[in-house]
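Please keep the sequence and the model at hand while reading.

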Amino acid sequence: MEVTVTSSKPVKPDYGDHGSGTSSDVVPLSVFDKVSYDEYVTGLCAFHPPAPANHVLKAGLTKALAEYREWAGRLGVDAGGNRAIMLNDAGARFVEATADAELASSLMQLTTGDKLLSLFPSCHGADELLLAQVTRFRCGSIIIGMSMHHKVADGHAIWTFLFAWGQATRGVAISPVPVHDRTSVFAPRNPPRVEFDHRGNEFKSHGDKSGAHAGDDAVLIHRVHFSRERITALKSKASEGAARPYTTLQCLAAHLWRCITKARGLDAGTTTRMRIAVNGRPRMSGRRVPAGYTGNVVLWAWPTTTAQELVERPLRDAVELISREVARIDDAYFRSFIDFASSGEVEKEELVPTADSLELTLSPNVEVDSLLGIPFYEMDLGGSRPFFFLPGYSNVPVDGFMYILQSFEGDGSVDAYVPLFGHTMEAFKKCCYSMPPPMDDQGAY
């Protein structure tokens, strides 16, 4: 499959008869934006024909950008020297390309490598916050590859914008109405109450590095498919004796964490942590986050154990550990984080975010980003809806950084995309597909 770029141009907001934005507008990054990854979030959606023409998609994007000016702006600093989004309407990038192949014959080859990367707009040296590439195949199908900067928005807000692009393309009102205020929504309390330790969770000392040396081994990505029946069996066994069933995410994350740890061959006493993203929107009470909020509202839970305990104890223990730590990241924790991040201690101690975009391996740790709650198959650009979605990695895949999402098969199954160094991949597969694993003397996993 050869992909040829035919056009690459900036796309600016179209305000129609409603005037234009103010070029001097500046949106300071919130405390949640500042601790987010300083990189692009990528993903692609595949659509069967009929697909809207490129000029129709471009026109819809210009209208969506008029409502979401952040994505047509640039990262910079405000008058106080703080990192901010400059609403200068410099524009997003819209790339048009063609592929000399039928999509059906190429789709399942798209896991990693040059074929996959050719379907994303290149972020190398880019200053745009949004880049979109539309690739048309001989059969009339299209793939839209997106690269969007994580400092601007988390996964929830990114997909809200992409749905708005579809609404604008179809000529319907954008809903929910975007909320751009990033200052008052997360104002610290007076007096502040820092009730939790945020060093080592959201922040670390400058120069601290986690993860083993990457070496020369390449990172491979493997898609693990969990059928609905397999998920049900896993949840049933993991939830035995629990007050309520554990979630699909908690059960799959625990299973994958155990298999990765076993495949890595870590020493028994090695401490391993799981970094799992927690969306603050449904958890923050009092002043709730508006439905159309356009920025980041994510912190992380950090279940921690030893390699021996994780691998040798029953699966339900790992699930319980994950469940307990995720539950701990509640409204009180989010409010405590806001107060700490706004206190001046971060600057005084020269702390930096633990979300490090330069890491190539998380070993002995893992990270899980769940896209299970994002209905990306409902994205409607006026033709057919997506029949396939694939998350991507803006630079190179990071060993141990997993995505879990709804399967494109649409039958209640789930896919996990697991990047690991090549020398551990076969051991991981052997463990992962032996599920359900052998039971111990007490009949537990």
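Angles from 65 to 115 degrees between two axes count as roughly perpendicular. The structure discussed here is a predicted model.

**A pair of helices**

Helix α6 (residues 228-238) packs against helix α7 (residues 248-264) at an angle of about 85 degrees, and their axes are 10 Å apart. The helices α6 and α7 are therefore roughly perpendicular to each other. On the α6 side the contact is formed by R230, I231, L234, K235 and A238, which meet T248, C251, L252 and H255 of α7. Sorted by class, this contact of α6 with α7 comprises 5 nonpolar, 2 polar and 2 charged residues.

**The sheet**

Six strands make up an open sheet with mixed pairing, in the order β1-β6-β7-β8-β3-β16. Its edges are β1 (3-11) and β16 (388-393); each has a single partner strand, so one side of each is left without a neighbour in the sheet. From one strand to the next, the twist averages 15 degrees. Strand β3 (residues 40-47) and β16 run antiparallel and are joined by 6 bridges. Within this pairing, V41 has Y393 in β16 as its bridge partner.

**Helices across the strands**

Two helices that lie across strands are listed below.

| Helix | Strands it lies across | Angle |
|---|---|---|
| α2 (residues 54-67) | β1, β6 (92-99), β7 (130-136), β8 (142-149) | about 160 degrees to β6 |
| α5 (residues 155-170) | β3, β6, β7, β8, β16 | about 135 degrees to β8 |

Methods. Residues are numbered from 1 along each chain as its sequence is written. This is a predicted model: local features need pLDDT of at least 70, side-chain atom pairs count only at pLDDT 80 or more; totals for chains, interfaces and linings use all residues. Side-chain values use heavy atoms; hydrogens and water are left out. Axes are lines fitted to C-alpha atoms, for helices over the stretch in contact, and angles run from 0 to 180 degrees between N-to-C directions. Helices (H or I, at least four residues) and strands (E, at least two) are DSSP runs, numbered from the N terminus. Angles under 35 degrees count as roughly parallel, over 145 as roughly antiparallel, 65 to 115 as roughly perpendicular and the rest as oblique. Contact means heavy atoms within 4.5 Å. Ala, Val, Leu, Ile, Met, Phe, Trp, Tyr, Cys and Pro count as nonpolar, Asp, Glu, Lys and Arg as charged, and the others, Gly among them, as polar. Two strands pair if DSSP finds at least two bridges between them.
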